Every structure is written in structure tokens, then in C-alpha cells.
Amino acid sequence: MSDKKMTTSRRNYLKSLMLQIAAGLLEAEAVEAEAEKARYMEENCPAPQFLVCMAELTDLCKKLHQNIERIDEERYDMSTKVTKSEKEVEDLKMKVVELNGKFRKPVLKRVRMSADAMLQALLGSKHKVSMDLRSNLKQVKKEVKEEVKDAADWRKNIEDKAGMDGRKKMFESDP
């Protein structure tokens with residue numbers, strides 16, 4: 001039975017039913033939110049009374065300022081709680097990644113910066129440091145090694161040392 005496919009007309013009919021139900025739920029949710037807003041406004045913001053006396057106006061202003069301060073404190077407390085919980089969530093995510101052993105390598109941007117610009121960025125604009133690397137290199141002069149000139153005369157030396165006369169010369173030349 002699971003191999004049978006649903007016809008397109010049946011699928012479209014079910015889709016339209018789901019959309020109608022979702023639209024009805026959204027409308028009910030909007031009405032409920034509006035009622036909640038009205039209830040909150042009645043509870044926290046009473047209807048304004050038109051006062052004529054200056055003393056009553058100053059009292060009303062003081063009450064309003066106190067309400068504003070209280071609401072600001074609540075907003076600040078809520079925002080600190082939210083940031084703290086966001087940090088905790090981030091830490092927990094990092095712990096999960098560490099436990100899994102999978103590390104994502106962050107994408108790094110290639111920066112084209114010369115050595116002088118890098119030093120200036122690190123040390124600040126006060127320090128003028130130039131890194132001319134080629135001038136700091138040690139100058140090495142190539143020395144021509146004197147090759148043994150006897151290497152070209154090896155045949156001659158062998159011929160001279162060949163035979164009894166050569167052996168005699170060899171022993172005589174060694175002191």
C-alpha cells in the first residue's frame with residue numbers, strides 16, 4: 001500500500017485544506033495578540049485625565065518619569081539576561097563541536113600588505129621602520145678556489161714514476 005502514489009488532485013486538495021486551516025489559525029492568533037495588547041495597555045497605562053491644576057500636572061509628570069525609569073530598568077535587565085543566555089548558548093555549541101571532534105576552519109581573507117605596512121600597523125604611525133630586506137642581507141663575495149694544477153699533469157707524473165727510475169724518484173722525493 002505504501003507504494004501507491006497520491007494523485008495530484010488529492011495532493012492539491014489537501015494542500016488547500018492545510019492552507020485554509022493555517023490562515024484561520026493566523027487570524028485567531030492576530031485577534032488574540034490584539035486583545036492581549038489592549039489588556040496590557042489598560043493595566044499599565046490608565047486613560048489620561050485632563051487636569052487643570054499645575055500641581056496635579058507636576059505629580060502626573062513625576063509618576064510618568066518613575067514609570068519610565070522602572071521600565072528602562074526592566075528593559076536593561078532583560079537585555080542583559082538575553083546577552084548572557086546567548087553567550088551560554090554559544091559556549092554550549094562550542095562544547096558540542098569539541099565533543100564531536102569536528103572543527104570548522106574559519107574562512108580567512110587574503111590580505112595584501114607589504115612588510116612596511118604590516119609593521120606600521122602593528123607599531124603604530126609613530127614608529128618609522130623600514131624593512132628593506134635586501135639591504136640587510138649579508139654580502140658574500142665569491143672566492144675562486146685555486147684548483148690543483150697537478151690534476152692536469154697526472155699522466156706526466158705517472159710516466160715519470162713508471163719503471164725503476166720512477167720508484168727511485170718517488171722514494172727520493174719523500175723526505
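## Salt bridges and surroundings

Glu74 is partly exposed, at 42% relative accessibility. Its side chain meets that of Arg70 in a salt bridge, and Arg70 is partly exposed too, at 41%. Glu74 and Arg70 sit four residues apart in helix H2, so about one helical turn separates them.

Keep in mind that this is a predicted model. The protein chain averages a pLDDT of 80, with 70% of the residues scoring at least 70. Helix H1 (residues 8-44) has the highest mean pLDDT among the elements, 94, while helix H6 (residues 163-173) has the lowest, 60.

| Salt bridge | N to O distance |
|---|---|
| Arg39 and Glu36 | 2.4 Å |
| Glu74 and Arg70 | 3.4 Å |
| Asp72 and Arg75 | 3.9 Å |

Asp72 and Arg75 are both in helix H2, three residues apart. Asp72 is partly exposed at 36%, whereas Arg75 counts as exposed at 54%. Shared partners also join Glu36, Arg39 and Glu43 into one salt-bridge network.

Now for the largest pocket, which has a volume of about 470 Å³. Of its 19 lining residues, Cys45, Pro46, Leu60, Leu64 and Asn67 are the closest to its centre. H2 gives the largest share of that lining, ten residues.

Last stop, the surface: Val111, Met113, Met118, Leu122 and Leu123 form a nonpolar patch with about 510 Å² of accessible area together. Met118, which lies in helix H3 (residues 115-123), is partly exposed at 43%.

How values were computed. Residues are numbered from 1 along each chain as its sequence is written. Side-chain values use heavy atoms; hydrogens and water are left out. Patches are made of residues with over 30% relative accessible area and no salt bridge: like charges are joined within 9 Å, nonpolar side chains (Val, Leu, Ile, Met, Phe, Trp, Tyr) within 5 Å. Accessible areas come from the Shrake-Rupley method with a 1.4 Å probe; for residues, only the protein chains shown count as cover. A salt bridge is a side-chain nitrogen of Lys or Arg within 4 Å of a carboxyl oxygen of Asp or Glu. Helices (H or I, at least four residues) and strands (E, at least two) are DSSP runs, numbered from the N terminus. Buried means under 20% relative accessible area, exposed over 50%, partly exposed in between (1.4 Å probe, protein chains only). pLDDT is the predictor's confidence in each residue, from 0 to 100. On a 1 Å grid over the protein atoms alone, a cavity is a set of points where a 1.4 Å probe fits but cannot get out, and a pocket is an open set with protein on both sides within 12 Å along at least five of seven lines; lining residues have an atom within 4 Å of a point. Grid points are joined across faces, edges and corners, and a volume is the space filled by probe spheres set on the points.
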